Amino acid sequence: MAALGRKVLAPHQLIPLTWARGARHAPGPGEQKGKTVSLLRKLTTASHGRGPEAIPHAEPRKCVREPERGTTLTQHLHEKPTAPVSGQSSEREDVLRSLRDMGFSDVHSEDLLTLQPGTRPQQLLGVVSELILLGVNPEPAYATLKKSPHLLKLPITQMKRRSSYLRRLGLGEGKLRRVLHCCPEVLSLPQRDIDSTVRVLRDKCLFTVQQVTEVLHRCPYVLREDPSELEYKFQYAYFRMGVSQADMVRTDVLQYSIAKIRQRHTFLERLGRYQTPDKKGQTQVPNPSLKDMLRVSEAEFLARTACSSAEEFEVFKKLLAREEQEEPRNHRPGDEEEEEDRDEGSTSDEDLEGEGRR
């Protein structure tokens, strides 16, 4: 009996530890009592010869470890964003420092980083650097980007190619300031559009290389125009008004719309205050200067140049618009002069080319 008692008591030595481990996670007395009864049944089973292996020991251990895994995963999720934020902050500070070194104020440097959301700081720095290399000072560069923030998303390679092209046109060394102020699209326009405009100025209008540079510098709006409309505007000023290429560059005629040029010129012509010069450049009446025709306001134009009333000018503009609707679409200002030149045995193209050489 003593030996049997020792065999029965051997499992009793393991039970309190196992029961205590399970009871540590029990929420209430009722569940604890149920677990005690269950353990006693297992003890009885063990005493009948099944052995202590029937008592599960791994299940409570599993319940203890799971919360630790969950806590560790939550901590890692909160810790992961820490490194990238620090890196982005460092990159931002580096770019701000570089912008200040270029001459931008603290306010402008901070503002540049928020002009175009989604732009990487290094991308912004590359675009700004190209503008500075083109000879644009920090203040005009900031004004350009403020006016057209989409320029900050231009690929750096495109900026470099466009910068090189503009230098070949003679628009570097500070001349680009006015161009960017009036037409910032010069940096983002398709290359073929700029080539078409330059080709019209050289081949159709016969401006010299230096004159093309001056036209683009003084009248950058021509870059936005359709090349055929630009050619029409030139022909009107050359054939109908008798303005030479040199005078067009000097007076910035091409920066005005064809509607404004035609309205004021035709109005003065019908009033007898403007006459197209002959081949020798002579007229029977003194023509007003292009500055007094185009650079002044409408009120000043009517009072000082046309010496007419606003009511009369409004009626004239309506009649002129009706005449333009009735004109053939393919009509060009030089058609009448070309017919006269053929009768005289010369062509206007030769005269135009000679004027261009002069």
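Helices here are DSSP runs of H or I with at least four residues, numbered from the N terminus. The model is predicted.

**The core and helix H13**

The largest nonpolar core holds 71 residues. Leu145, Leu187, Phe207 and Leu216 have the most contacts inside it. Helix H13, residues 227–240, gives the most to this core: six residues. In soluble globular proteins, nonpolar side chains tend to be buried together.

H13 has 14 residues. From first C-alpha to last, H13 reaches 19 Å, close to the 20 Å expected at 1.5 Å a residue. Its buried residues are Leu230, Tyr232, Lys233, Phe234, Gln235, Tyr236, Ala237, Tyr238 and Phe239. Just after H13, glycine 242 takes a positive phi of about 75°.

Leucine 216 deserves a look of its own. Beyond residues up to four places away in sequence, leucine 216 touches Leu169, Leu171, Val179, Val198, Leu201, Val222 and Leu223.

**Valine 249 in H14**

Valine 249 sits in helix H14, residues 245–251. Its relative accessibility is 12%, so valine 249 counts as buried; the cut-off is under 20%. Neighbours within four places aside, valine 249 is in contact with Phe207, Gln211, Glu214, Val215 and Arg218. Arginine 218 is 31 residues from valine 249 in sequence. In space, their C-alpha atoms are 7.9 Å apart.

Arginine 264 lies in helix H15, residues 258–270. The backbone oxygen of valine 296, however, lies 3.0 Å from a polar atom of the arginine 264 side chain. Leaving out residues up to four places away, arginine 264 touches Met293, Leu294, Val296, Ser297, Glu298, Phe301 and Phe313.

Lysine 317 is found in helix H18, residues 310–326. Buried or exposed? Lysine 317 counts as buried, because its relative accessibility is 18%. Residues up to four places away aside, lysine 317 touches Gln263 and Glu298. Glu298 is also among the contacts of arginine 264.

**Distances at a glance**

| Pair | Distance |
|---|---|
| Valine 249 and arginine 218, C-alpha to C-alpha | 7.9 Å |
| Valine 296 backbone oxygen and a polar side-chain atom of arginine 264 | 3.0 Å |

Methods
Residues are numbered from 1 along each chain as its sequence is written. This is a predicted model: local features need pLDDT of at least 70, side-chain atom pairs count only at pLDDT 80 or more; totals for chains, interfaces and linings use all residues. Side-chain values use heavy atoms; hydrogens and water are left out. A nonpolar core is a set of buried Ala, Val, Leu, Ile, Met, Phe, Trp, Tyr and Cys residues joined through side-chain atoms within 4.5 Å. Buried means under 20% relative accessible area, exposed over 50%, partly exposed in between (1.4 Å probe, protein chains only). Helices (H or I, at least four residues) and strands (E, at least two) are DSSP runs, numbered from the N terminus. Contact means heavy atoms within 4.5 Å. A polar contact is a pair of N or O atoms within 3.5 Å; within protein, one must be able to donate a hydrogen and the other to accept it, and residues adjacent in sequence count only if both atoms are side-chain atoms. The expected span of a helix is 1.5 Å times one less than its number of residues.
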